[in-house]
Amino acid sequence: MIKHILSVITLSIFVIAHAFAQDIYSPDKNIRLSFSVNDEGAPTYQMSFKNKAVIETSHLGFQIKGDDQDLKHGFSIVNSERSSFDETWRPVWGEESVIRNHYNELLISLKQDESQRMMMIRFRVFNDGLGFRYEFPEQPNLGHFVVEKELTQFAMTNDHTAFWIPGDYDTQEYDYIESKLSEIRGLMSNSITSNLSQTSFSPTGVQTSLLLKTDDGLYINLHEAALIDYSAMHLELDDKNFIFNAWLTPDVQGNGPYMIAPAVTPWRTVIVSDNAKDLLASRITYNLNEPNKIEDTSWIKPIKYVGVWWEMITGKSSWAYTDDLKAVKLGITDYTKTKPNGKHGANTPHVKELIDFASEHGFDGVLVEGWNIGWEDWFGHSKDYVFDFITPYPDFDVVGIQNYAKDKDVEMIMHHETSSSVRNYERHLDQAYKFMKDHGYNSVKSGYVGNILPRGENHYSQWMINHYQYALEKAADYKIMVNAHEAVRPTGIARTYPNLISNESARGTEYQAFGGSKANHVTILPFTRLVGGPMDYTPGIFEMDISKLNPENTSHVNSTIANQLALYVTMYSPLQMAADLPENYNRFLDAFQFIKDVGIDWEKSVYLEAEPGSYITIARKEKGTDNWFIGNVNGKKDRISEITLDFLDKNKKYIATIYSDGDDANYKTNPQSYKIKKLKVSAKSKISLKSVEGGGYAISIIEII
């Protein structure tokens with residue numbers, strides 16, 4: 001880690017008046033943050049960008065459960081401190097090798113006159129946005145307290161266009177809706193599609209990371225950073241006044257987070273720009289997290305993998321070993337006395353075939369789901385002891401597969417589905433992680449499908465936030481990387497714990513086998529879900545007609561092959577799966593070559609084109625090489641993408657291999673139409689390519705030596 005602290009200036013101001021306004025600007029002076037307390041002693045803030053209002057006067061504070069004195073008014077400013085900070089730091093993996101963390105800070109200390117309680121609000125203003133959090137110092141009049149409601153507001157200036165998904169305590173797996181703020185209420189009921197666990201809370205409740213676009217050309221993202229020991233924040237819209245109010249995920253008793261002073265909340269973030277590309281380039285979420293706490297990171301390595309997954313998602317294969325059992329009791333049920341169903345995907349010969357495929361094509365790992373006993377009775381019965389995470393089915397030879405993979409220089413990736421029986425998972429966690437290390441597994445895909453046990457808890461309550469963090473830190477003790485599915489959406493914690501190699505936490509590729517996702521879905525996710533961290537989106541599907549894998553599944557993957565290739569660049573993750581079956585890749589080996597070639601860890605990223613819901617074009621330079629890769633995903637309609645390669649080294653020549661939509665490509669009727677061409681390029685080259693709706697292109701650029 002490299003740090004360069006340029007300046008720290010501290011100014012202390014002691015005042016007794018309630019109303020006292022203070023301004024602080026971003027380092028480039030484009031963003032202004034104004035803080036004041038009003039006539040009632042309520043803390044408020046405003047934010048502008050290039051003299052345009054972004055956040056109008058918005059209130060701050062808390063409603064405290066069972067306390068006569070809420071932390072929302074009656075405050076005076078007793079101290080104000082200003083400072084500036086500038087550093088560069090090196091992530092273990094990322095979209096670039098160096099990240100700049102540059103901001104001006106304003107720390108306001110407030111005292112509530114009646115209760116004599118202290119509350120501090122820390123603002124950090126970056127060139128691309130704002131972060132602020134609440135801090136509660138140790139004090140005699142505030143020890144333990146329960147937040148009934150966080151009163152943070154984000155007051156919008158008008159009826160903006162929003163890219164939103166329904167507010168939900170248990171899932172983020174929704175297609176995005178694009179609408180005016182005033183239309184959210186009327187669209188809400190139809191936007192709530194079915195999920196195995198879901199709890200919506202309001203007809204105007206939406207989730208962060210929320211993207212907004214104003215009529216005068218500003219792009220705004222509302223989210224949070226460093227979600228530690230707190231409840232995940234949603235937003236409830238006052239659609240008469242266009243004010244978003246913080247809405248915290250409650251626990252089983254309906255309570256918000258339990259706090260003990262001294263304490264801090266997560267950061268509330270506002271990213272803003274008049275260019276959509278700047279939102280994709282923002283690293284505010286990471287910069288508001290603590291530096292890396294893992295001393296030796298040599299074991300944290302990006303992975304490209306294949307696996308036994310898509311065939312089960314589509315229904316071609318099954319997780320379960322037998323169809324004989326109506327219920328399973330671990331330690332009692334004898335699988336040797338059951339009849340195999342013949343569809344179990346995680347069997348030794350099949351897994352060895354995948355290891356062979358990975359070895360032949362240079363992949364790092366193989367993920368196997370359904371290897372462990374219990375899948376016949378894993379969901380829907382509120383079952384506590386559902387898996388033990390160490391006992392394989394009779395047809396899965398753990399040691400034999402371990403040795404076979406090692407001989408092929410392929411790493412096995414573990415799968416831990418918890419079925420949301422969280423107490424059971426924590427009970428087995430040490431044993432499960434030790435089993436992994438004993439058998440050569442260095443990374444785990446964990447899952448939290450279904451309703452949480454203990455019963456009544458929500459996926460995004462404080463209790464569950466603490467569980468995800470516990471599992472992550474415990475994994476670091478064992479030098480294990482974590483890819484958590486159905487967990488809370490990330491908030492930049494991977495800076496502090498880079499063994500959080502990826503997350504799902506959004507509507508991923510699997511929904512293409514559950515009826516399909518919108519063709520422009522992948523042009524929105526980088527502006528929303530990926531603001532907090534990488535997504536294990538599991539791209540690379542080449543056979544779009546799911547009925548060819550499972551005649552009973554008539555779903556269609558709403559994408560062209562070229563679009564699927566581009567996702568390896570546009571949907572950033574240091575953990576990338578080639579999700580389709582080997583037989584489908586063998587049909588299109590020329591297109592598959594891009595998946596084999598594309599990098600997964602980057603020296604630099606250049607954002608070439610971007611418009612949420614419509615298109616994204618990104619160029620990335622692979623770390624440790626001079627290779628560049630470009631991805632373009634296209635959303636709503638056919639479009640000509642025109643880019644300049646001026647990011648290339650001006651003294652070098654390159655060969656570009658272009659994988660683009662075919663002339664007759666159509667994501668519904670002809671998704672496998674693509675064309676490949678090679679040409680010599682330089683920093684002076686310009687490229688013009690047609691991308692169809694739901695299509696795109698991918699380009700590899702290799703230096704001529």
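This is a predicted model: local features need pLDDT of at least 70, side-chain atom pairs count only at pLDDT 80 or more; totals for chains, interfaces and linings use all residues.
## Ground rules

Local features need pLDDT of at least 70 and side-chain atom pairs count only at pLDDT 80 or more, while totals for chains, interfaces and linings use all residues. Residues are numbered from 1 along each chain as its sequence is written, and side-chain values use heavy atoms, with hydrogens and water left out.

## A buried asparagine

Let's start with N632, which sits in strand β31 (residues 628-634); strands are DSSP runs of E with at least two residues, and helices are runs of H or I with at least four, numbered from the N terminus. N632 is buried, at a relative accessible area of 0% (buried means under 20%, exposed over 50%, partly exposed in between, with a 1.4 Å probe and protein chains only).

Leaving aside neighbours within four places in sequence, the residues in contact with N632 include A566, T570, E609, R639 and Y697 (contact means heavy atoms within 4.5 Å).

Now to helix α1 (residues 184-191), where I184, M188 and S191 are the buried residues. They cover an arc of only 80° around the axis, so they lie on the same side of α1; the arc is that of the directions from the helix axis to the C-beta atoms. An α-helix has 3.6 residues a turn, so residues three or four places apart point the same way.

The buried residues of α1 pack against β12 (161-164), β13 (177-180), β14 (205-207) and β17 (233-238). On the other side of α1, you will find G186, S189 and N190 exposed.
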